[in-house]
Amino acid sequence: MTTEAPQPQGESLQVFKGTFIHATHTSPMETLAPRILGVNGMGKIVFIETVDKEEELFQTWHFQKKNIRELQQREEFFIPGLVDTHIHASQYPNMGTCLDLPLLEWLVQYTFPVESKFKDPKFAEDIYTKVVKRTLRNGTTTACYFATIHTESTLKLCSIINKMGQRAFVGKVCMDLNNLFPTYKEQLCESVCETRRFVTELTGRMYPLVKPIVTPRFVPSCSSELMQQLGSYANSEGLHIQSHISESRAEVELVKSLFPDCKNYTDLYDRHSLLNDKTIMAHGVYLSNEELKVFQQKGAAISHCPNSNISLSSGLFDVRNALNHNVKVGLGTDVSGGYSPSILNAMRTAIDTIKIHSFQTSNYERLSYQEIFKLATLGGCQALGLDNVTGNFEVGKDFDAILVNTNVPNSPFDIFPDDTQEDIFQKFLNLGDDRNMVEVYVAGKKVVPFPNA
């Protein structure tokens, strides 16, 4: 797994020795034990080898052996950082509440009112600081955020993410239609101009890990002209795109009534130049096989948000069918439609959703927990076009990682002598939480525990 070594880095090298669990393009989960892994001063993995190569690696890299971080056998292991491909940072105040209505009513009753508050920069700074801290504590090293229509508070979110060291795409929400909550919308020209300003300002700041993403909210809140202009702008600038698609039956029917000339929801986005290999669409619960074929042809990805799909009674996404159509899929928390900020929760709810499908369909091909683990890590990176940058422990990639400790005080689960490494990992997957995530790294930098915490 190693490559030709660059110049030795000596003291700047971080070296870890122990168990590493990750996914690859050919395997949903591999346990590498024991291994020795090196991270250079740029945060990139420069070697990962079996421990019998330690002396050879020392001769090449000249690291201090006394500084090797040795993990406790069985108790500790590294996994790649978790990837949240869909989260509304601005809805964080509502997380864990307001789940008694279906999607369209939920937006008007609860969501638009809280998002409107982000015109206040102090309110925005407080909430955004809390949500970035919370996601990092839960091992989210990469997040794809929706903010609000307010450019300045969205830029504040970017500043906070950069300061705390998370990797992220951030979108200023675009919406020029909102008859049911008319105080929360933009004018067409304003939406386009402010999106351009947001992208220009953020790009100019040259944050290494925070990038803009063009964000039309969803079809019912965007005019055709707005979508067309956003699509053209995103394509001309090579920008990523995010939105929602086919989340609930009522939403799908509403879109049909608004655009009767389009074949389906996917066709509508495609006609407005919003569907390409840099697009990620949340939900996709009611996408037809014909639409999934278009997703595959265009290279567009889906963010599977199982907690939200159930919490808002939207439906059950068939992730197996999407994968069988060779569509890229990642996992999303969809805070606050989803009540948890943890991708571990998204993994568990995805597994439960698969089991429900198997109840309803005979001979249903269930996904294994290993396949779900891949969606939460490397799969999320593939969905966001980052799989050549991070997502697993391969040489040349950024070291985005979580150090898991199963023996912390008040751990939510217990380990027994007969437990295998696979048993221990499954217990963490099904029962673990942020207490077990004792250290989080993004591009080689330790971001959890927080400095001065």
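Helix 13 is followed by G385, whose phi is positive, near 70 degrees; helices here are DSSP runs of H or I with at least four residues, strands are DSSP runs of E with at least two, and both are numbered from the N terminus. The model is a predicted one, in which local features need pLDDT of at least 70 and side-chain atom pairs count only at pLDDT 80 or more, while totals for chains, interfaces and linings use all residues. Residues are numbered from 1 along each chain as its sequence is written, and side-chain values use heavy atoms, with hydrogens and water left out.

**Helix 13**

- Helix 13 covers residues 369–383 and bends by about 45 degrees at L375, the bend being the angle between axes fitted to the seven residues ending at a residue and the seven starting there.
- Of the 15 residues in helix 13, 13 are buried; buried means under 20% relative accessible area, exposed over 50%, and partly exposed in between, with a 1.4 Å probe and protein chains only.

**Packing of helix 12**

- Helix 12 packs with helix 13 at an angle of about 135 degrees, and their axes are 10 Å apart. Helix 12 is therefore oblique to helix 13.
- Axes are lines fitted to C-alpha atoms, for helices over the stretch in contact, and angles run from 0 to 180 degrees between N-to-C directions. Angles under 35 degrees count as roughly parallel, over 145 as roughly antiparallel, 65 to 115 as roughly perpendicular and the rest as oblique.
- The crossing of helix 12 past helix 13 is right-handed; a crossing is right-handed if the near helix is turned clockwise from the far one by less than a right angle, and left-handed if anticlockwise.
- On the helix 12 side the residues that meet helix 13 are I343, M347, A350, I351 and I354, and their partners in helix 13 are Y369, I372, F373 and A376. Contact means heavy atoms within 4.5 Å.
- With helix 14 (residues 421–431), helix 12 makes an angle of about 100 degrees, and the axes are 8 Å apart. Helix 12 is therefore roughly perpendicular to helix 14.
- L344, M347 and R348 of helix 12 make this contact with F428, L429, N430 and L431 of helix 14.

**Nonpolar cores**

- The largest nonpolar core has 109 residues, and I79 and Y145 touch the most other members. A nonpolar core is a set of buried Ala, Val, Leu, Ile, Met, Phe, Trp, Tyr and Cys residues joined through side-chain atoms within 4.5 Å.
- Helix 12 (residues 343–360) gives the most to this core, with seven residues.
- Another core, of 15 residues, lies apart from it and has F16, L37, I45 and F78 among its members.
- Beyond its neighbours within four places in sequence, I79 is in contact with I21, F373, F393, D400, A401, I402, V404, F425 and F428.
- In soluble globular proteins, nonpolar side chains tend to be buried together.

**Cis peptides and positive phi**

- Most residues other than glycine have a negative phi, and most peptide bonds are trans.
- V335 and S336 are joined by a cis peptide bond with omega of about 10 degrees. S336 is placed in the loop between strand 14 (328–331) and helix 12.
- D334 lies in the loop between strand 14 and helix 12 as well. D334 is not a glycine but has a positive phi of about 50 degrees, and its relative accessibility of 5% makes it buried.
- The peptide bond from V448 to P449 is also cis, with omega near 5 degrees; P449 is in the segment after strand 17 (445–448).
- A443, in the loop between strand 16 (437–442) and strand 17, has a positive phi of about 50 degrees and is not a glycine.

**Individual residues**

- N94 is in the loop between strand 6 (82–88) and helix 2 (103–116) and counts as buried at 11% relative accessibility.
- Leaving out neighbours within four places in sequence, N94 contacts Y110, V114 and S336.
- T140 belongs to strand 7 (residues 140–146) and is buried, at 0% relative accessibility. Beyond neighbours within four places in sequence, T140 contacts L82, D84, T135, Q166, P341 and I343.
- V108, in helix 2, is partly exposed, with a relative accessible area of 25%. Not counting residues up to four places away in sequence, V108 touches P113, L180 and F181.
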